[in-house]
Amino acid sequence: MSNQDIEKQEFNITVYTENQIGLLSRIAIIFSRRKINIESLNTSPSEIDKIHRFNIVITESEEVVRKLVRQIEKQVEVLKAYYHTNEDVIWQELALYKVSTDVIAEKVSVERLLRENGARAVVIRKDYTVFETTGHREETDNLISILQPYGLIEFVRSARVAIIKDSDGFNRKLREFERLEPGEEVIENEYLNQGEKVFTM
Amino acid sequence: MEVAQETLTTPAPTTAVEVSGSVALLEALIVEGVDTIFGYPGGAIMPIYDALFDYNDKLNHILVRHEQGGIHAGQGYARTSGKVGVVFATSGPGATNLVTGLADAQIDSTPVVCITGQVFAHLLGTDAFQETDVINITTPVTKWNYQVTDANEIPEVIAKAFYIAKSGRPGPVLIDITKNAQIQKFNFEGYTQCNHIRSYRPKPIVRTQYIQEAAELINQAKKPFIIWGQGVILGSAEQEFKAFVEKSGIPAAWTVLGAGAIPTEHPLNVGMLGMHGNYGPNVLTNECDVLIAIGMRFDDRVTGRLDKYAKQAKVVHLDIDPAEIDKNVKSTVPVWGDCKETLPMLTKLIDEKKHTEWLNTFNEYTQKEVEAVIHDELNPTTPEMTMGEVIKQLNEITKGEAVIVTDVGQHQMVACRYAKFNKTRSNVTSGGLGTMGFALPAAIGAKFGAQDRAVVAIIGDGGFQMTLQELGTIMQTGIDVKIIILNNRFLGMVRQWQELFNERRYSFVDIQSPDFVRLASAYNIPGKRIDDRAELPAALNEMLSNKGSFLLEVMVTKENNVFPMVPQGCSVAEIRLK
Ligand SMILES: Cc1ncc(C[n+]2csc(CCOP(=O)(O)OP(=O)(O)O)c2C)c(N)n1
C-alpha cells in the first residue's frame, strides 16, 4: 500500500446546488474524469426552497477531496460544497428487507432478532413482509446475515444521508479552512431563501 | 475581462411585442454588443438563419468552411478584441464539430458563446435525424451549457450565457436551442443583461490579510521572481501589472499565453518559461526565494517535474479561480481575486527596489543561451533557412506591432520564443490543448477582432493541412490575413521527440504537402514560395505590403530542433541547451 492509500478515508461531501437538469452529470464528471469511484450519492431538496443538497461519499485522501470540492464549487449552479470525515457527521442509510411471511410467522426468533436490530415491519402481506432498518453500514449488513438463513427474498439499501454534527463545530471548521476557501460565509448565504427576488431560472 | 457594471436594457417596448425565439436571440446578441458571428447553417438552426437574413446590417455573419473553423475563429476574435466570440452551428454533426474548439477555449479561458440548433423538443431522445446529446457531450468542455426548449427562456438564458462566458475566469458556453423554441412566438418584453446569478461568484473576495502577508514576503525577499500568465491579459490588468513589476524591480517571466502583457523588450522581462522557454527563467525558478505567480495555473509544460519545482521558494499565487490555488503548486500565501484589483493593493504595500545583482544573474544565463542556441538559430550559416531567422526578419518589419497567430508544433515554440510583442493581445495560440489546425481559422477571427492591426499566422506544413479549407472563408470575406507556412516537410515537433527520445525512429512524421501556393491561388489568394535566404526580406515585405491576404511558404531546415528544452519528467533546472 502506498502512502496515498494509507491516508485515504471516507469523506462526506455536501453540495448545495440550484435545482437544474444536467447538474448531476456535471458533478459526476468531476469524479469520473479523475477515475474516482463514488461510493454513495444522494440528492434531494434541502430545507431551502429550490436548493438541492447532494451527499456524496468517496474514499480518498484529504488533499484530493479538498481539490475536488473546489472543482465542484466552481460549477455555476453550485452554491457551496463542503467535505467532512465520518466523525464530523451524523449519517444514516436506510435498508429494506423482504422475507417470507410464513417463515417469519413460524420462527418467532426472527422477530426477536429484528427487534434487537432496531428493524420494523413496513408491510405485512400474506406472502411476504418488508422490514426496514436504518443505521451505519455494519448495522444494516448485520441484519442481512441474520435474515439470509431464513430465506431473504430481496434487499435494498439507500444512499447515505449525512448531517454535519454541530453548527459550532462546522463554523470552526470553516474558519480553520478559511485560507483554502475563497468566500466568506455571509456572502455565500446572502441570497439563500430569497427565491425569485434574485435572477434565477 | 471587464464585467458589465451596468445593466443594459433594450429600449423598453411600450407593450411586449410578439416575436419568434430566433428574433429574440438576435435582439439579445445586439444588446450584448455582438457585431460578428462565425457560423455554418443546417436544418436544425434554419429558423435562426432565416431571422438573420433580416439582420444583415447589424450582425456580420461569417460563413466558415467547417464548424471547427467557426469556433477557432470565435476564439481568435475573442483573444484580440477582448469581447465574447459568437458561433452558430446546426445540430448533430455541426454541434459535434465544435467540441475541439470548446475544449481549447475551456483550457485557455477564452470567452465564447456557441449557439447550436437542436431537433424539435418532442423528438429529443428518439434518435431523430441529426439529434445528438450535445449538452452531455459538451459538459466537460464548457464553463456552462444549457438546452432551451421554450422560446420564453431565450432572453434570460442568453443573458446568463454572456455573463458566465465573460465574467470571472472566462470560458466557453454552449446554448442548444430546439427548433420549436426557435420558431415559437412569445411576448418579448425586452432584454436585460445579467449581472448576478445567486449560485455563481465570478470573483472571490479579496482578503487584505493575504495582501499584507504577500507584501511582507516580497519586501523581505532577496531573490524574488515573478511569473505571469494570461490572467493579466484576461483581467485587462496590463497597466497594473507593469506598475507592480516596475516598483518592485523584480525580474518577470511569462507563460506562452501571458506573452505581450508587458513588451518583450522591457528591462524586467526576462523571457519565457516552460518546456521550450528560456534558460535563465527556468533554471532560476529553482533558485529564487519568493515566487510570485500571477494569473497562471502551473501547467505541467511550465513546471516540468512538480516534486522538483521551486521547492526552495515561498510561493505567492494570485488567481481569480480559487480552484487553481494549491492545485499543482502549494502556495505560501494565496491571493484570491481579480489581479486588476489585487495588484494595485499589493503595489501600494511593497517597497520600491532594484534587484540589480539578481537581475544580472538572468542576463548571464541569457548570454549563455545566446551563445549556445539563439545566435545560430537567428543567424544561421547553414544553406537552409531556420524558423528562427524567419521570425527575426518578421520582427524587423512588423516592429512588434503585429498580432501573431501560431499553430502547434516547432514553429509555435520558435515564434513564441522569438517574436517581439509591443502590445498586449498580440499572441494568439492554442496553449493548453495544443490544437493543430487552430491557427488559420483563429487568424481569421483575430483579424475581425482587431481590424486595424496586421495579423500574421505562422503555421506548420502539418497543421495547415488540418483546416486549410478556411482559405475559402478568406476568399469569400476578402479578409486580410498573412499566412506564413514554415515547411520542414515533417511533423516537426513529433520528429524532434523521436530524434531525442526514440532513437530517431521516425514513425509516420514524414508528411507530403500539396503545392500550397497553387492551392492558395485556387482560392484567389496570392502567394509565394521561397527556399533561399536572400529572398526572405523581400518576400516578407511583399507579403506585408500586399493589400489583402497572402500566403508565404518558407522552406526551412528539415531536421532542426527547438532548444532549450526541458525533457518530459525532468526538473526545469535540468533544461537542456542542446
Ligand atoms: C490535432 C492534433 N493532432 C496531433 C497533435 C500532435 N502534434 C503536436 S506537434 C505535431 C507536429 C506538427 O507538425 P507541423 O504542423 O508540420 O509543425 P512543425 O512542428 O513542423 O513546426 C503533432 C503531430 C496535435 N498537437 N494536435
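Predicted model: local features only at pLDDT ≥ 70, side-chain atom pairs only at ≥ 80, totals over all residues.
A search of the whole structure finds 17 aromatic pairs over all chains.

One of these pairs is made by Tyr210(B) and Trp336(B), whose planes meet at 75°, so the pair is edge-to-face. Angles over 60 degrees count as edge-to-face. The ring centres of Tyr210(B) and Trp336(B) are 5.9 Å apart. This pair links distant parts of chain B: Tyr210(B) belongs to helix H9 (residues 208-220), while Trp336(B) belongs to strand S14 (residues 333-336). The two residues are 126 residues apart.

Another edge-to-face pair consists of Trp497(B) and Phe501(B), with planes at 75° and centres 5.6 Å apart. Here both residues lie in helix H21 (residues 492-501) of chain B. Trp497(B) and Phe501(B) are four residues apart, which is about one turn of the helix.

| Residue | Relative accessibility | Class |
|---|---|---|
| Tyr210(B) | 7% | buried |
| Trp336(B) | 2% | buried |
| Trp497(B) | 24% | partly exposed |
| Phe501(B) | 31% | partly exposed |

Buried means under 20% relative accessible area, so Tyr210(B) at 7% falls in that class.

Rings also occur with charged residues. In chain A, Arg160(A) lies over the face of Trp91(A), 3.5 Å from the ring centre. In chain B, Lys558(B) has its charged end over the ring of Phe490(B), at 4.7 Å from the centre of that ring.

Key: Residues numbered from 1 in each chain as written. Chains lettered and ligands numbered in written order. Heavy atoms only, no water. Phe/Tyr/Trp six-rings, centres within 6.5 Å; stacked < 30°, edge-to-face > 60°. Buried < 20%, exposed > 50% of the residue type's maximum accessible area, 1.4 Å probe, protein only. Lys NZ or Arg CZ within 6 Å of the ring centre and 35° of its normal.
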